[in-house]
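Reader: I am new to this structure. Please take me through a few of its local features, one question at a time.

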Amino acid sequence: MTRDDIYSAIFEEYDNDRENAERRARALKRKLYDKDPRLEEIDSEIMQKGVELFRASVSGRDNAEQKEKFRLKINALNREKDYILKNMGYSLKALEPQYKCDICKDRGFIGSERCQCFNIRLADRLYDLSNIGPMLENENFDSFDYSRFSKEKGKDGISPYDNIMKIVMDAMGAIDYIDEKPLHMLFYGNSGLGKTFMCNCIAKSLIDRGYFVVYMSAYKLFSYMLRFRFGRETDKEAEAIKLLNECDLLVIDDLGTEGVNAGTIPELFDIINTRLLNNKSILISTNLSPRDISKTYSERIFSRITGDFSIYKFIGNDMRLK
Ligand SMILES: [Zn+2]
């Protein structure tokens with residue numbers, strides 16, 4: 001699945017929505033015409049007067065009085081139509097196609113401009129593909145609770161509060177410049193210090209800007225990869241694996257909890273290396289320190305990460321215990 005695939009899926013959805021709305025409007029019109037044939041007569045008279053009004057307008061002659069007559073006639077016909085429809089329990093608007101978006105009439109574009117509804121549909125799809133859709137509603141930069149971080153300096157010489165503020169500032173900066181420079185961040189530290197929350201904030205922020213984000217726990221990532229290696233993957237897993245390379249940002253959460261073994265090490269190197277070579281963004285969260293990463297995985301992975309990633313340590317007390 002590439003960005004183009006996502007776009008064409010959205011346009012296909014628009015086509016279906018538009019055709020459905022128009023088909024339903026035609027069917028309802030037919031039903032109401034059968035109920036009261038006067039409606040059909042009115043519609044064809046409105047059409048005819050409309051054509052005459054148009055002709056009069058473009059004739060170039062001074063015929064204001066005549067044009068006004070057509071206009072009044074059309075208004076009268078519409079009033080009659082409205083009256084008949086109301087008696088049947090419908091509004092005048094009911095005969096028009098009921099588009100999901102009145103602004104672009106389910107086209108996604110107004111002229112060459114994207115309609116607002118296009119961005120909403122795009123974000124919805126990106127949320128679905130990211131694997132974290134529902135979580136993001138509650139976890140984003142706006143809902144981040146800085147007051148949970150102590151302002152007292154710890155043994156690192158920095159307070160958890162200042163530390164998290166720096167991480168947020170750097171993350172926001174990386175998001176702003178992601179088109180010029182891929183985001184390569186690694187968050188490490190004990191559980192309960194907000195690493196996953198921060199990953200979600202970054203993911204949401206990018207998705208809302210139309211970037212394609214895929215979030216995977218290390219456990220899920222490696223189980224997909226291993227099944228893929230042995231040709232045992234399901235269609236859904238095969239699709240997910242394609243997404244790992246295609247997406248704009250890959251979030252690998254909880255690295256080190258997947259049950260590291262001889263199989264997972266080259267897989268991890270492959271994913272990281274391929275994305276680095278393609279200038280694609282990666283965000284990793286882990287409970288392992290950089291030294292543990294080197295011991296647990298390999299020197300190669302360690303040097304790839306220390307060479308290309310900005311590394312941030314999360315400090316403080318476990319917030320979940322408070
Ligand atoms: Zn629209």
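Reader: Where is Asn273, and is its place buried or exposed?

Author: This is a predicted model. Asn273 belongs to helix α9, residues 264–277. Buried means under 20% relative accessible area. Asn273 has 17%, so Asn273 is buried.

Reader: Which side chain does the side chain of Asn273 contact?

Author: The contact is a polar one. At 2.8 Å, the partner is the side chain of Arg304.

Reader: How are the rings of Phe11 and Phe109 paired?

Author: A search of the whole structure finds 11 aromatic pairs. In the pair of Phe11 and Phe109, the ring centres are 5.9 Å apart, with 25° between the planes. Planes under 30 degrees apart count as stacked. This pair is stacked.

Reader: How far apart in sequence are the parts that this pair ties together?

Author: Phe11 lies in helix α1 (residues 3–35). Phe109 lies in strand β1, so the parts tied together are apart by 98 residues.

Reader: Over which ring does the charged end of Arg121 sit?

Author: Ring pairs link a cluster that includes Phe11, Phe109 and Tyr14. The charged end of Arg121 is 4.1 Å from a ring centre, and that ring belongs to Tyr14.

Key. Residues numbered from 1 in each chain as written. Predicted model: local features only at pLDDT ≥ 70, side-chain atom pairs only at ≥ 80, totals over all residues. Heavy atoms only, no water. Helix = DSSP H or I, 4+ residues; strand = E, 2+ residues; numbered from the N terminus. Buried < 20%, exposed > 50% of the residue type's maximum accessible area, 1.4 Å probe, protein only. Polar contact = N/O pair within 3.5 Å; in protein donor to acceptor, adjacent residues only side chain to side chain. Phe/Tyr/Trp six-rings, centres within 6.5 Å; stacked < 30°, edge-to-face > 60°. Lys NZ or Arg CZ within 6 Å of the ring centre and 35° of its normal.
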